[in-house]
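Biologist: I have not seen this one before. Can you walk me through it?

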Amino acid sequence: MAVDLYRNRDFIADFDEISAETAARSRALAARVEMRRDLSYGPSGRMRFDLLMPATPRKGAPLHLFLHGGYWRSGRKEDHHLVAAPVLAAGGLAAIVTYDLMPGTRLGTIVSQVRRAAAHILREAPAWGADPARISAGGHSAGAHLAACLAARGPEDPAATVLPALTGLFLMSGIYDLSAIPESFLKSETQMSPQEARAWSPLNAVQLAGPRRYLTHGALETAPFHDQARDFAALLRHAGARVIYAPEPELNHMSIVLALSEPGSRPGTALADLVVG
């Protein structure tokens with residue numbers, strides 16, 4: 001049986017245990033903070049987000065939009081509330097966003113949905129006490145891919161495509177070249193076509209220079225996550241963007257999410273710094 005470098009479960013012995021811990025930390029955080037659940041940004045039942053609020057909200061606070069992973073075909077916002085911890089500790093608000101899934105929804109539609117979510121959050125930010133000029137975004141794995149699309153125009157984007165005005169992007173363990181996905185273990189689970197992979201690979205897109213980017217992944221992740229992050233950082237620098245590329249020692253594709261949820265960790269501190277600006 002051929003080795004599939006995208007099938008992270010095969011390289012992480014405690015994959016299920018880390019997943020359970022991620023969900024448990026999310027439930028614990030949700031139980032102790034103020035939150036507005038299932039806010040809508042569109043007509044689909046999964047076009048929803050949860051808004052987590054700091055203990056002492058301040059007018060003009062920053063807000064961070066986070067997109068979960070799951071290889072575009074799975075994932076729940078409720079299992080990713082934990083990433084709000086460093087944002088809340090820095091006095092910011094966190095919007096944990098979900099979206100429709102492949103194969104029932106095509107990738108271009110999902111990209112449009114997350115852009116719609118960002119536009120909605122920018123419009124509504126003042127009503128929550130947040131500053132629309134201090135909105136950042138981020139994501140993990142497929143969520144990092146989608147977050148990258150918030151500040152890039154793909155080859156099939158209409159010329160009139162309007163992208164949200166974001167201050168920064170926190171991209172963790174992202175997939176920026178989708179060319180291998182159609183023939184990976186995800187072949188039947190996403191039914192991604194080669195054309196979709198070409199159209200929505202950030203490495204094929206025109207990058208906006210404005211938002212600061214922080215790219216990271218675990219040092220224990222497989223080669224595609226290392227190679228694509230390095231290539232994407234180089235592309236961004238060539239486009240004139242401000243980029244920090246900082247892999248995390250001793251972490252894998254799953255444990256890096258747990259590390260992010262700790263405000264004093266290096267990724268947690270980096271997220272807080274990006275959010276606060």
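Modeller: What follows is a short tour of the fold, the charges and the cores. This is a predicted model, in which local features need pLDDT of at least 70 and side-chain atom pairs count only at pLDDT 80 or more, while totals for chains, interfaces and linings use all residues. Residues are numbered from 1 along each chain as its sequence is written, and side-chain values use heavy atoms, with hydrogens and water left out.

Biologist: How many helices and strands are in the chain?

Modeller: The chain has 9 helices and 10 strands, counted as DSSP runs (helices H or I, at least four residues; strands E, at least two) and numbered from the N terminus.

Biologist: And how many of the residues are buried?

Modeller: Buried residues are 58% of the 277 in the chain, where buried means under 20% relative accessible area with a 1.4 Å probe, protein chains only.

Biologist: Switching topic, how many positive and negative side chains are there?

Modeller: There are 28 positive and 27 negative ones, taking Lys and Arg as positive and Asp and Glu as negative, without His or the chain ends.

Biologist: Which residues have the most contacts inside the largest nonpolar core?

Modeller: Among them are Leu63, Trp72 and Val97, in a core of 60 residues. Such a core is a set of buried Ala, Val, Leu, Ile, Met, Phe, Trp, Tyr and Cys residues joined through side-chain atoms within 4.5 Å.

Biologist: Which helix gives the most to it?

Modeller: Helix α3, residues 107-124, gives 8 residues. A second, separate core has 31 residues, including Phe15 and Leu274.

Note on methods:
Buried means under 20% relative accessible area, exposed over 50%, partly exposed in between (1.4 Å probe, protein chains only). The place of a charge is taken as NZ of Lys, CZ of Arg, CG of Asp or CD of Glu.
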